[in-house]
Amino acid sequence: MKFPDLRERSREPELLDLGGVPEAEVEASLADIRFVNTWLGGHRTFERLLRPFLRADGAISLLDVGCGSADLPARLLERHRQLRVVGLDLKPTHLRHTPPQVHRVAGDVFAPPFAERSFDVVACSLFLHHLDGADVSRALGGLWRLARRALVVNDLRRAQVPHAFARLVFPRLFRSPVSVHDGLVSIRRSFTPRELRAAFVDAGLPEPEVRRVFPYRLAALAVRREP
Ligand SMILES: C[S@@+](CC[C@H](N)C(=O)[O-])C[C@H]1O[C@@H](n2cnc3c(N)ncnc32)[C@H](O)[C@@H]1O
């Protein structure tokens with residue numbers, strides 16, 4: 001097996017981002033991402049990262065950016081009824097699967113239709129790696145401005161082990177060849193802990209807590225200290 005050069009983040013595009021993928025294939029690929037969330041740690045990681053902010057008493061608002069099907073916040077809502085969730089995604093077609101309890105908004109992370117500090121917590125999962133170069137810290141800066149309390153990033157860690165695993169397993173696991181392609185590209189586009197930390201610092205955010213989360217997830221959390 002030939003190993004890719006993973007020293008730098010890849011700029012290869014994901015097929016779903018390029019557009020032009022037939023509707024049925026988009027549907028199948030979104031179903032594959034929901035499968036990953038269920039079986040490869042997506043839900044577990046999302047809930048673990050957000051748990052400290054989910055107070056039992058009183059409402060809390062959450063913006064999920066690049067929410068796709070919004071299955072992650074939907075699962076949280078089953079257990080945390082006090083949560084109010086808005087899901088933002090660039091692609092209206094992806095939002096079609098969003099359950100009714102998530103308020104869906106079609107829009108770009110670079111022009112979000114919300115006022116500053118509109119949400120207690122702003123989160124994104126498997127979204128940040130879709131952005132290239134300086135756009136990563138530009139997006140983080142914008143998301144931080146929307147958050148009253150915290151910004152939570154849940155993404156992938158770029159490494160040979162998950163890439164080799166994905167090459168073997170994704171073709172057997174996924175319904176759609178688009179997911180096989182985009183899943184592998186996602187790993188090549190994802191971050192090292194050092195890169196993710198640097199993106200927060202470049203954006204002028206407080207020093208984040210960066211965590212490696214099993215299996216080969218990478219999480220970063222910035223908390224607002226001042227009122
Ligand atoms: C891999 S999906 C992740 C879906 C979901 N968050 C999850 O973890 O299952 C990435 C999503 O980010 C969205 N996206 C990509 N670029 C975006 C942008 N500039 N603004 C908002 N959403 C964007 C895509 O349309 C896609 O639905």
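Good morning. Residues are numbered from 1 along each chain as its sequence is written. Because the model is predicted, local features need pLDDT of at least 70, side-chain atom pairs count only at pLDDT 80 or more, and totals for chains, interfaces and linings use all residues.

I begin with the strands; helices (H or I, at least four residues) and strands (E, at least two) are DSSP runs, numbered from the N terminus. In strand E2, 6 of the 7 residues are buried, so the rest of the structure largely encloses it. A buried residue has 20 or more other C-beta atoms within 10 Å of its own, with C-beta atoms placed from the backbone. The chain crosses from E1 through H4 to E2 in a right-handed β-α-β crossover; right-handed means that, with the strands pointing away from the viewer, the path from the first strand over the helix to the second runs clockwise. E1 and E2 pair in the parallel sense over 6 bridges, where pairing requires at least two DSSP bridges between two strands. Parallel pairing also joins E2 and E3, over 5 bridges.

What does helix H4 bury? Its buried residues are Asp71, Leu72, Pro73, Ala74 and Leu76.

I turn now to the ligand. Around the ligand stand 19 residues, each with its C-beta atom, placed from the backbone, within 6 Å of it. The closest are Gly66, Gly68, Leu90, Val109 and Ser125. Helix H2 (23-39) and strand E2 (83-89) are the elements that each give two or more residues to this shell. Thank you.

Terms used
A residue is buried if 20 or more other C-beta atoms lie within 10 Å of its own, exposed if 12 or fewer, and partly exposed in between; C-beta atoms are placed from the backbone.
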